[in-house]
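Have the model open in your viewer and follow the stops below. Each one gives a selection and what is there.

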Amino acid sequence: MKKERRQKALPPRAKRMDRSARLQSARTWVKSYKGKNIAVGYRKHFAVDWVCAFRELEILGVKIDAAYKGQILKSVEGDIAARQRRKSKQVETPESSLDQDENFAYIAGYTEAGFAYGITWEEWEGLDVIDPDGNTNTTGNDEQPESLHF
């Protein structure tokens, strides 16, 4: 007999609203807000980003200090730029994504017990190496056989 899986609970309703529903709900929420920083409270309550929170609070007629808004938006832009730099750095160095350690030249994965498996350094050195010219080098080093010296 198959065991039925429980459905996951939905997030709070305020975090699932689209803009029109948020603005309608926010009219009463703003009147009852007792916190110090309405922008932070709005962001957390409705699960929106800074830009959306500032835009919607302005639509609702809430006065927000321009210096504070500028400082926050500048910080958000810096975070986005840093994220893009990290992402582009990862794209530039795909060989850094190879998993290695002192025993394995390439770790293909891990067992359920947490042990690594893959190609050992000895196996790696024994593999045929193809250089950029398409020549196969089975010695594992860059020396050419003596018969090929010109």
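**Stop 1: a salt-bridge network**

Select arginine 19 and glutamate 56: their side chains meet in a salt bridge, 3.0 Å from N to O. A salt bridge here is a side-chain nitrogen of Lys or Arg within 4 Å of a carboxyl oxygen of Asp or Glu. Arginine 19 lies in helix H1 and glutamate 56 in helix H3, so the pair ties together parts 37 residues apart in sequence. Helices are DSSP runs (H or I, at least four residues), numbered from the N terminus.

This is a predicted model: local features need pLDDT of at least 70, side-chain atom pairs count only at pLDDT 80 or more, and totals for chains, interfaces and linings use all residues. Residues are numbered from 1 along each chain as its sequence is written, and side-chain values use heavy atoms, leaving out hydrogens and water.

Arg19, Arg22 and Glu56 form a linked network. Glutamate 56 is buried at 0% relative accessible area, and arginine 22 is buried at 9%. Arginine 19 is partly exposed at 33%. The cut-offs: buried is under 20%, exposed over 50%, partly exposed in between (1.4 Å probe, protein chains only).

**Stop 2: helix H3 to helix H4**

Select glutamate 58 and lysine 69. Their closest N and O atoms are 2.5 Å apart, a salt bridge. Glutamate 58 is in helix H3 and lysine 69 in helix H4 (residues 66-92).

**Stop 3: a loop residue**

Select alanine 47, in the loop between helix H2 (38-46) and helix H3 (50-59). Phi of alanine 47 is near 55 degrees, a positive value in a residue other than glycine.

Terms used: Helices (H or I, at least four residues) and strands (E, at least two) are DSSP runs, numbered from the N terminus.
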